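Hi,

Here is the structure I promised to pass on.

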Amino acid sequence: MIQRIQTLFLLIALVLEAVLFSQPLAVLQLDDATFYEIFVKGYVFNNQIQYSFSLLIFTFITLLLNLIIIFLYKKRILQMRLAIYNTILLIGLQGVIAYTIYATSDNLNAEIFLQYAAILPIIIAILHLIAFKYIKRDEELVRSADRIR
């Protein structure tokens, strides 16, 4: 149901993932006038986008999985499993983002300026774990009610 507290956490996670698509993960400074931005969709240099499909597909999968979890409110066990799987994927996404940023800066010998969007996958993973806790609490409540009958 939409009025459950875990749905609120999952909706906040969904909004943060949408923000992840639009905000830069890092800005790399090559020299005083040359800036290179890293987005989920790719790299931006002189207003030209070079698409990077690995981050884009990875982020889209986690976004789609989050949306599926929200609408599986009648199947709590499956909802809990998918929440854990999505948490693992988000931690992997954080690793891929970190690798992409640092590998690119190493190749270009650039200075890194991380943006707040670079840590959003960890925040989203924490929101999924909190939602998992509340889903589990609902499942235990339903099972205890079944025992009473």
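Threonine 62 is buried, because its relative accessible area is 0%, and buried means under 20%. Bear in mind as you read on that this is a predicted model. Threonine 62 sits in helix H2. Setting aside neighbours within four places in sequence, threonine 62 is in contact with Glu17, Asn86, Leu89, Leu90 and Leu93. Glu17 belongs to the H1 side of the contact between H1 and H2, while Asn86, Leu89, Leu90 and Leu93 are on the H3 side of the contact between H2 and H3. That makes threonine 62 a handy place to start on the helix packing.

Take H2 and H3 to begin with. Helix H2 covers residues 53–71 and helix H3 covers residues 76–108, and the two pack at an angle of about 160 degrees with their axes 10 Å apart. H2 is therefore roughly antiparallel to H3. The crossing of H2 past H3 is left-handed. On the H2 side, the contact is made by Leu55, Phe58, Thr59, Ile61, Thr62, Leu65, Asn66, Ile68, Ile69 and Ile70. H3 brings Gln79, Leu82, Ala83, Asn86, Leu89, Leu90, Gly92, Leu93, Val96, Ile97 and Thr100. Sorted by class, the contact of H2 with H3 holds 14 nonpolar residues, seven polar ones and no charged ones.

Now for H1 and H2. Their axes come within 10 Å and cross at roughly 160 degrees. Why do H1 and H2 count as roughly antiparallel to each other? Angles over 145 degrees are put in that class, so H1 and H2 are roughly antiparallel. H1 also passes H2 in a left-handed crossing. From H1, the residues that meet H2 are Thr7, Leu10, Leu11, Ala13, Leu14, Glu17, Ala18, Leu20 and Phe21. In H2 they meet Leu56, Thr59, Phe60, Thr62, Leu63, Asn66, Leu67, Ile69 and Ile70. The contact of H1 with H2 divides into 13 nonpolar, four polar and one charged.

Back to H3, where you'll find threonine 100. Is threonine 100 buried or exposed? Threonine 100 is buried, with a relative accessible area of 12%. Beyond its neighbours within four places in sequence, threonine 100 is in contact with Ile38, Tyr43 and Leu55.

Next, the nonpolar core. The largest one has 32 residues, and Leu20, Leu25 and Ile101 touch the most other members. Two or more residues of this core come from each of helix H1 (5–22), strand E1 (26–29), strand E2 (35–38), H2, H3 and helix H4 (120–148). Which element gives the most to this core? H3 does, with six residues.

Leaving aside neighbours within four places in sequence, leucine 25 is in contact with Leu20, Ile38, Phe39, Val40, Leu55, Ile97, Ile101, Leu114, Gln115, Ala117 and Ala118. Leu20 and Ile101 are on that list, and both are among the core residues that touch the most other members.

Glutamine 115 is in the loop between E5 and H4 and counts as partly exposed, at 30% relative accessibility. Neighbours within four places in sequence aside, glutamine 115 is in contact with Pro24, Leu25, Ala26 and Val27. The C-alpha atoms of glutamine 115 and leucine 90 are separated by 18 Å, with the two residues 25 apart along the chain.

- Asparagine 109 is in the loop between H3 and strand E5 (111–114). Asparagine 109 has a positive phi of about 50 degrees, although it is not a glycine. Asparagine 109 counts as exposed, at 67% relative accessibility.
- Asparagine 46 is in the loop between strand E3 (42–45) and strand E4 (48–51), and at 59% relative accessibility it counts as exposed. Its C-alpha atom and that of valine 27 are separated by 13 Å, and the residues are 19 apart along the chain.
- Arginine 143 lies in helix H4 and is partly exposed, with a relative accessible area of 47%. The C-alpha atoms of arginine 143 and alanine 18 are 35 Å apart, for residues 125 apart along the chain.

Cheers

How values were computed. Residues are numbered from 1 along each chain as its sequence is written. This is a predicted model: local features need pLDDT of at least 70, side-chain atom pairs count only at pLDDT 80 or more; totals for chains, interfaces and linings use all residues. Side-chain values use heavy atoms; hydrogens and water are left out. Axes are lines fitted to C-alpha atoms, for helices over the stretch in contact, and angles run from 0 to 180 degrees between N-to-C directions. Helices (H or I, at least four residues) and strands (E, at least two) are DSSP runs, numbered from the N terminus. Angles under 35 degrees count as roughly parallel, over 145 as roughly antiparallel, 65 to 115 as roughly perpendicular and the rest as oblique. A crossing is left-handed if the near helix is turned anticlockwise from the far one by less than a right angle, and right-handed if clockwise. Contact means heavy atoms within 4.5 Å. Ala, Val, Leu, Ile, Met, Phe, Trp, Tyr, Cys and Pro count as nonpolar, Asp, Glu, Lys and Arg as charged, and the others, Gly among them, as polar. Buried means under 20% relative accessible area, exposed over 50%, partly exposed in between (1.4 Å probe, protein chains only). A nonpolar core is a set of buried Ala, Val, Leu, Ile, Met, Phe, Trp, Tyr and Cys residues joined through side-chain atoms within 4.5 Å.
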